[in-house]
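I am keeping these notes as I look through one protein, writing down each thing I looked up and what I found.

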Amino acid sequence: MKKFFPVYVRVPLIFFIGFALMEYFIDSGDKPAFIKYPMVSVFLFVFLFVLVAIEITLSAVNKVLYQLMSPEEKAKLDYENSLSLTESTWFKELMHKLTKTEPMEKEGELLMDHDYDGIKELDNNLPPWWVGLFYICIIFGAIYLIHYEILGGDDQETELKKEMAQAKIDVDEYLKTAPDLMDEKTVVLLTDAESLATGKEIFMTNCLACHRADAGGQIGPNLTDDKWILGGGIKNVFHTITNGGRDGKGMVSWKTNGMKPKDIQKVASYILSLQGSNPKDPKEAEGEVWVDESAPKKTRPQILQKIVQKLKNKNHVKFTRRSF
C-alpha cells in the first residue's frame, strides 16, 4: 500500500486535510485561522513535525524488520512490492469482497441449463454493492411514499411557495430596521420628541425658503391645512419629498439632493405634526381634502367630540351634552 502512496504524497495529503478541517471548524471571520490565531500556526507546525517524525520512525522500523527476515520472507516481500496495483493481494481481496466473483476455473460449476443458440448463462452472485443500493432504494421509496402520499408532506412547489412567503416576511422585517432602505410602502409616522426635533431642524435648513418657518406657505403650498396637492399622510408626504412635486413647477427630489430616507421620514413626520397649527397669514389652501382610507371610521360621538374640542380651543366656550 505504501508503494502506491509514497511518503512525499502521504505527508502533504494528511497535513492539508488537517489544515482544511481546522479552517472549517474554527470561526476566524474574513481572515484565515492560522493568521488570526497564532496558536493555530504553532499547532500546524507541530502537526507537520509529528507526521515527518512518524514517517522517519516507521521507515527505520521497517528497515530493521527487513534485516531480521529470512531469505524466503525477503523474497516474498520483494515479490509483493514488485506487483502492480491490480495484481496486489490487498487489491484482489478488496475487489472480491465488493463483487463476490468466482475464479475462471469454477465457471463450469456456475453454468446454467439454459442454452440460446450456443449462448450459455452463468449463475453468478449479484455484487454486494449493487444489492446494498437496491435495498436502499426500496427503503427510500417506502419512506417517500409514506411521507408524500400518506402523510401529505410538502412537495417542491409547496416548499417553494412557503420559502418565498417567508423570504418576503424576512425582507419586510429587515426594511423596518434598515432606515436607509425605507420607501413609501414601509415608512411609518414618527411621534417621539427627538425625531420631531430632528425633523424640524431639517425643515428649517431645507424647506424654510419655500414654505416659511411656520409652514404657512410662500412659494410652496401651506402645509398646515387639511388640503393636499399630492396627497396627505406619511406615505404620500414621504413619496413627495423623496421624488419631488409636480413636473416643471413642483418641489425638487430630495432623494437626488442627498437626503437619506430616515431624514425624509423625520421631516415628513414633523410636517404632519403641524396640521391645524394655524400660522399667521397662511397661504390659501390648495389641492383637495385628503382622507386616510386605511384609518378606522369615526363614529358620530367621536366626530361631535372633535368639533366641540375645536370650538372650545377657538372660542373658549363651555358646552354640555344638552347643547346637542
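**Entry 1**

For my own use I note the cut-offs: buried means under 20% relative accessible area, exposed means over 50%, and partly exposed is in between, with a 1.4 Å probe and protein chains only. Arg212 counts as buried, since its relative accessibility is 18%. The two side chains meet in a salt bridge, with N to O at 2.9 Å. A salt bridge here is a side-chain nitrogen of Lys or Arg within 4 Å of a carboxyl oxygen of Asp or Glu.

**Entry 1: what I am looking at**

I must remember that this is a predicted model, in which local features need pLDDT of at least 70 and side-chain atom pairs count only at pLDDT 80 or more, while totals for chains, interfaces and linings use all residues. Residues are numbered from 1 along each chain as its sequence is written, and side-chain values use heavy atoms, with hydrogens and water left out.

I find 13 helices and four strands in the protein; helices (H or I, at least four residues) and strands (E, at least two) are DSSP runs, numbered from the N terminus. Of the 324 residues, 19% are buried.

**Entry 2: other salt bridges**

How many salt bridges does the rule give? The count comes to five.

One of them joins Arg10 and Glu55, whose closest N and O atoms are 2.6 Å apart. Arg10 lies in helix 1 (residues 7-25) and Glu55 in helix 3 (residues 38-68), so this pair ties together parts that are 45 residues apart in sequence. I checked the cover of both residues, and Arg10 and Glu55 are each buried.

Another joins Glu157 and Lys161, with the closest N and O atoms 3.6 Å apart. These two residues are four residues apart in helix 8 (residues 156-176), so about one helical turn separates them. Both Glu157 and Lys161 are exposed.

**Entry 3: Pro128**

Pro128 is placed in helix 7 (residues 128-150), and it is partly exposed, with a relative accessible area of 31%. Which residues does Pro128 contact, leaving aside its neighbours within four places in sequence? They are Lys97, Leu98, Thr99 and Lys100, where contact means heavy atoms within 4.5 Å. I also looked up His96, which is 32 residues from Pro128 in sequence and 9.9 Å from it in space, C-alpha to C-alpha.

**Entry 4: helix 9 against helix 12**

Helix 9 (residues 193-206) and helix 12 (residues 261-273) pack with their axes 7 Å apart, at an angle of about 95°. The axes are lines fitted to C-alpha atoms, for helices over the stretch in contact, and angles run from 0 to 180 degrees between N-to-C directions. Because 65 to 115 degrees counts as roughly perpendicular, I describe helix 9 and helix 12 as roughly perpendicular to each other. The residues that meet include Leu196, Ile202 and Phe203 in helix 9, and Val267, Tyr270 and Ile271 in helix 12.

In helix 11 (residues 233-243) I found several buried residues, among them Ile234, Val237, Phe238 and Ile241. What covers the buried residues of helix 11 includes strand 3 (227-228) and helix 12. Gly244 follows helix 11 and has a positive phi, near 95°.

Is Trp254 buried or exposed? Trp254 is buried, with a relative accessible area of 15%, although its place is in the loop between helix 11 and helix 12. Leaving aside neighbours within four places in sequence, Trp254 is in contact with Asn206, Ile241, Thr242 and Met259. The C-alpha atoms of Trp254 and Ile241 are separated by 5.9 Å, while the two residues are 13 residues apart along the chain.

Asn278, which is not a glycine, has a positive phi near 50°. Asn278 is found in the loop between helix 12 and strand 4 (288-289), and it counts as exposed at 67% relative accessibility. Asp281 has a positive phi of about 50° and is not a glycine either. The place of Asp281 is in the loop between helix 12 and strand 4, and Asp281 is exposed, with a relative accessible area of 59%.

Note on methods:
Parallel < 35°, antiparallel > 145°, perpendicular 65-115°, else oblique.
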